[in-house]
Amino acid sequence: MIGWLAVLNLAAAPAGAPSVTVVVQGPGAAQTKATLSAASLPVELRLSDAPAEARASTPRGVNGAWAQALAAARKAYVSANFAECLRLLEGDAAAAELLASGERLLAARLLTWRTACHVGAKQPEPARTAAEALASFQLTLPEDVGSTTPDAEALLARAFTQVGAREARRVTFSSVPEGATVDLDGRPAACTTPCTMELLAGGHVVRVSADGYTPSWRTVSTEEATAAFTLEPAAPELAATQWRRRTAQGEALDSEASVRLLSTSLRAPRLLVMSVDPAAPKTLRGALAVDGVLKARAEREGDAEGLVRDLLVRGQVIEEAPPLHQRWPFWLAVGAAAVAAGVTTAVVVGNRQTVTRVELNP
C-alpha cells in the first residue's frame, strides 16, 4: 500500500492541469531549474528565462539625424534660402515630438532656427508663434543663436519678456491608472497623478507614463482647467524594457511591480518567480502572480518543490492536499485489513500518530 501511494504522489500532472510559468534567478538557478524539471506537482511548470530587452526605436535626436537637419537648415539660412530652411525643420509638431522624447536642447535649437527663418522669409506671425513657444516651454536659447540676425534675436528677447509676464494658471492632471508620472515640456517627473501645477499661459507638452502601460502625450493648453489621460496596457516588448529598467535600478525580482511587468512581458497568466539571496544562498524566495496581481510570497531553506507547492496553495491555484488519514484510498486499505484481521491499526501521519479502531459486526 505504501509503495502504491508513493507512485500516486509522483504521478505527472493530469491532462488539463493549469500551467504556471516559472522564472528563476540568482546563484544556483540552474540547479533549482533542474530540481523543478523533475518535480511532481499537479500543474504544468513552464521554465522560462527573463525577457530580453526589446530594441527600442531611436529618437532622431539621439542618432544625429536632427543634428544634421539643423546644420543643413542653418546653412540654408546663411544662404538666404529660407524656404529650404523651413522645409528641413518640418512642421509645427516637430518641437512637441522632441519635447515628448525629452529632447529639450534640440527643441530649443529647432524653434530658434524656425523663428530666424520665418523672420528672414518676412513671415512675422509664424516667427512670433515659434518664439513664444520657445519661451512658453521655458527652453534655454542655444549657443548658436548669435548666428541669427539682430531682428530675430530681438523677437526672441521680446517673446521671453512677454511670456514671462503672463499670469500662471492652474491645471489639474489625472490619469487612469492613478500614480502615473507627468513629464512637462521635456522635464521629467514634474508630478505624479492626480496633481495640480501652475503653468505659464499657453500650450505645454505633457507626457504621462506608468510601468505596465504605453506612455501618452499631447499638447495641453492652460485654457483647460483639467487634463485627463487614459493609458493603454503595454505590449509585451515594452513591458520587458520597463522591467529591465527597474531591475537595473535594483528592483527586487519578487516586488509587485516586477511580477506585474514580467507577467505581461512573458504573456504569463500565472507567474511564479524564484530567487536566491546572495547573502543567504540556502534560502529560496518566491512570489506568485495571477493575471499580473501578486497573490503570495514565501521562502524556504533549499526546498524548491516545497516552495512552489506552498505558493500555489496560498495563491489558490491548487488546493492543499488532505492529510493521509482523510484520503479514501487509505480508509479502503485500512478497512480491507480490518475485515481480514479485525485489528486495531496505528498509523503515523507526519509527526502525529492516528489510532483507528475498526469494530467488526459478528
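Trainee: Which stretch has pLDDT under 50, and how many contacts does the model have for it beyond four places in sequence?

Mentor: Residues 1-11 stay under 50, and the model has eight such contacts for them. Over residues 58-63 the pLDDT is also below 50, with nine contacts beyond near neighbours in sequence. Where pLDDT is low, the predicted coordinates should not be read in detail.

Trainee: What makes C85 and C117 a disulfide?

Mentor: Their sulfur atoms are 1.7 Å apart. The cut-off is 2.5 Å, so the pair qualifies. The link of C85 and C117 is right-handed, with 70° about the S-S bond. C85 lies in helix 5 and C117 in helix 7, so the bond ties together parts 32 residues apart in sequence.

Trainee: Why does C85 count as buried?

Mentor: Its relative accessibility is 0%. Buried means under 20%, so the label holds. C117 is buried at 0% too.

Trainee: How many disulfides are there in the whole structure?

Mentor: A search finds two. The other joins C191 to C195, S to S 2.0 Å. Both C191 and C195 are buried. Counting bonded cysteines along the chain, the pattern is 1-2, 3-4.

Trainee: What makes R87 and E84 a salt bridge?

Mentor: Their closest N and O atoms are 2.7 Å apart. The limit is 4 Å, so the pair passes. R87 and E84 are three residues apart in helix 5, about one helical turn.

Trainee: Which distant parts of the chain does the pair of R169 and E223 link?

Mentor: R169 and E223 form a salt bridge, with closest N and O atoms 2.4 Å apart. R169 is in strand 3, and E223 is in the loop between strand 9 and strand 10, 54 residues apart. R169 is partly exposed at 34%. E223 is exposed at 62%.

Trainee: Is D211 buried or exposed?

Mentor: D211 is buried, with a relative accessible area of 17%. The threshold is 20%, so 17% falls on the buried side. D211 forms a salt bridge with R245, closest N and O atoms 3.2 Å apart. D211 sits in the loop between strand 7 and strand 8, and R245 in helix 10. R245 is partly exposed at 41%.

Trainee: How do you know that the span of helix 8 agrees with its number of residues?

Mentor: Helix 8 has 13 residues, and at 1.5 Å a residue it should span 18 Å. The expected span counts one less than the number of residues. The end C-alpha atoms are 18 Å apart, so the two agree. Just after helix 8, Q138 takes a positive phi of about 55°.

Trainee: What covers the buried residues of helix 8?

Mentor: The cover includes helix 7, helix 9 and strand 7. Among the buried residues are A127, A130 and L134.

Technical notes: Residues numbered from 1 in each chain as written. Predicted model: local features only at pLDDT ≥ 70, side-chain atom pairs only at ≥ 80, totals over all residues. Heavy atoms only, no water. Helix = DSSP H or I, 4+ residues; strand = E, 2+ residues; numbered from the N terminus. Buried < 20%, exposed > 50% of the residue type's maximum accessible area, 1.4 Å probe, protein only. Contact = heavy atoms within 4.5 Å. pLDDT = per-residue confidence, 0-100. Salt bridge = Lys/Arg side-chain N within 4 Å of Asp/Glu carboxyl O.
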